Amino acid sequence: DERSDKRATFKLAKEVGDKLIPKYPKNKELRFEYLSGLGQWGEVLGVFKAAKEGVVDKVRTQMEALIALDPDYRKGVPRRALAVLNLRVPKIPFILSWPDKKQAVIMTKAVVDKYPDDIGNNFYHAEALVKNDRDEEAVGYLKKALAIAPEKKYLLEDRHFHMEAREMLEDIQD
């Protein structure tokens, strides 16, 4: 089953990262990949289970560590990812009290202001606006994201953002 394959793969990524991060605490690329694996592991588990097992807090802690190492890594990805965590993870009484959708708008705005020509930064700021019922403002950021040419270095990621931006724009305009 595909879900159990994903679960096994992301669990392995998490376990490898758990061992390597203490050995190479200043390696930004390793920490970023570890965070990606942790995030995927959390998604496969489901938000509630991931929160209950401490995965969400671990992602937050590791993201803050990456921000401390280099807040501008890959055009602000660490700060943007922390904002997205605030945006997508719900508050769960007695388990998670810190996620804040309004704070996510402030955080994504700071990143998009610093790196306005990044497709992902524009997309995630638009998403934060939409989740805060500010669809009209989001349209401009989605159009901006779509107007930016994908970077060769991040071609697949940027094309994915374009696809997501088109879908979000269609949803808003329907």
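L129 is found in helix α7, where helices are DSSP runs (H or I, at least four residues) numbered from the N terminus. The model is predicted: local features need pLDDT of at least 70, side-chain atom pairs count only at pLDDT 80 or more, and totals for chains, interfaces and linings use all residues. Residues are numbered from 1 along each chain as its sequence is written, and side-chain values use heavy atoms, without hydrogens or water.

With a relative accessible area of 0%, L129 is buried (under 20% relative accessible area, 1.4 Å probe, protein chains only). Beyond its neighbours within four places in sequence, L129 is in contact with V105, R134, D135, E137, A138 and Y141; contact means heavy atoms within 4.5 Å.

Helix α4 has buried residues V55, V56, V59, Q62, M63, L66 and I67. Seen down the axis of α4, these fall within an arc of 150 degrees, so they line one face of the helix; the arc is taken from the directions from the helix axis to the C-beta atoms. Their cover includes α1 (2-23), α2, α3 and α5.

The largest pocket is lined by 32 residues, and G39, Q40, E43, R88 and Y124 lie nearest its centre. A pocket is an open set of points on a 1 Å grid over the protein atoms alone, where a 1.4 Å probe fits, with protein on both sides within 12 Å along at least five of seven lines; lining residues have an atom within 4 Å of a point. Helix α2 gives the most to this lining, with 10 residues. The lining divides as follows.

| Class | Lining residues |
|---|---|
| Nonpolar | 18 residues |
| Polar | seven residues |

Nonpolar covers Ala, Val, Leu, Ile, Met, Phe, Trp, Tyr, Cys and Pro, charged covers Asp, Glu, Lys and Arg, and polar covers the others, Gly among them.

How values were computed
Helices (H or I, at least four residues) and strands (E, at least two) are DSSP runs, numbered from the N terminus. Buried means under 20% relative accessible area, exposed over 50%, partly exposed in between (1.4 Å probe, protein chains only).
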